[in-house]
Amino acid sequence: MKQFYNSKSLLRLSFLFVLLFSVITVVNSCKKDDDEDFKDHVVQFEVKTTAGADIISIVTQVGTVQNTMYNTTQTPLKSPWTSGEFFVNSSQAQLNLDANASMPDDNSELTINLYIDGEVVRTVKKKGKGVLVASIDYSFLEP
């Protein structure tokens, strides 16, 4: 009886299988990963008050980098104040905006906004007389 598989044909078949497996592995590993973990976003902070109110200070924080601005004669903080647009990678995780202002009457309003990619994602409004404080905390890691 003729041997169906001889050792030479088994060796060729094994070699072909290993070669095919290697090609498939290389092709799969070279594919571009479409799911990037972190993305760049355009971010902007904004602080607004009603007429007659004075912004006292603004604190912004992106990741671990904090910037504090005080209302002085050399650097007055006028309403509306905006940070200007800047790029932030979502790996920075945390964005914070704090502002306080001196309000002249009970109908005065302090409003702070956080824009990401041109859309308002967080808004805080405080209404009243005296010194009002508003704060926004945002994390890219939270859904």
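How many of the 143 residues of the protein chain count as buried? The share is 29%, where buried means under 20% relative accessible area, exposed means over 50%, and partly exposed lies in between (1.4 Å probe, protein chains only).

Before you start clicking, note that this is a predicted model, in which local features need pLDDT of at least 70 and side-chain atom pairs count only at pLDDT 80 or more, while totals for chains, interfaces and linings use all residues. Residues are numbered from 1 along each chain as its sequence is written, and side-chain values use heavy atoms, with hydrogens and water left out.

**Stop 1: the whole chain.** Contact here means heavy atoms within 4.5 Å; among contacts between residues at least 6 apart in sequence, 64% join residues at least 24 apart.

**Stop 2: strand β6.** Select residues 94-103, which make up β6. Seven of its ten residues are buried, so β6 is largely enclosed by the rest of the structure. Strand β2 (54-62) runs antiparallel to β6, joined by eight bridges, and D54 stands opposite S102 of β6. With β9 (130-139), β6 pairs in the antiparallel sense over ten bridges; look for Q94, whose bridge partner in β9 is S139.

**Stop 3: the nonpolar core.** Show the side chains of V47, I58, W81, L95, I112 and L114, the residues with the most contacts inside the largest nonpolar core, which has 26 residues. Such a core is a set of buried Ala, Val, Leu, Ile, Met, Phe, Trp, Tyr and Cys residues joined through side-chain atoms within 4.5 Å. The elements giving two or more residues to this core are β1, β2, β6, β7 and β9, and the largest share, five residues, comes from β6. Centre on W81 next: not counting residues up to four places away in sequence, W81 touches F45, E46, V47, I55, I58, T60 and M69.

**Stop 4: aromatic pairs.** Rings of Phe, Tyr and Trp (its six-membered ring) pair if their centres lie within 6.5 Å; planes under 30 degrees apart count as stacked, over 60 as edge-to-face and the rest as tilted. Start with F45 and F86, whose centres are 5.8 Å apart and whose planes stand at 45°, so this pair is tilted. F45 lies in strand β1 and F86 in strand β5 (residues 86-89), so the pair ties together parts that are 41 residues apart in sequence. F45 is buried at 2% relative accessible area, whereas F86 is partly exposed at 25%. Then move to Y138 and F140, an edge-to-face pair with 5.4 Å centre to centre and 90° between the planes; both residues are buried.

**Stop 5: H41.** Finish in strand β1, where H41 sits. H41 is buried, with a relative accessible area of 17%. Its side chain makes a polar contact (2.8 Å) with the side chain of D117. A polar contact is a pair of N or O atoms within 3.5 Å; within protein, one must be able to donate a hydrogen and the other to accept it, and residues adjacent in sequence count only if both atoms are side-chain atoms. Leaving aside neighbours within four places in sequence, the residues in contact with H41 are F86, F87, V88, S90, I116, D117 and F140.

Note on methods
Helices (H or I, at least four residues) and strands (E, at least two) are DSSP runs, numbered from the N terminus. Two strands pair if DSSP finds at least two bridges between them.
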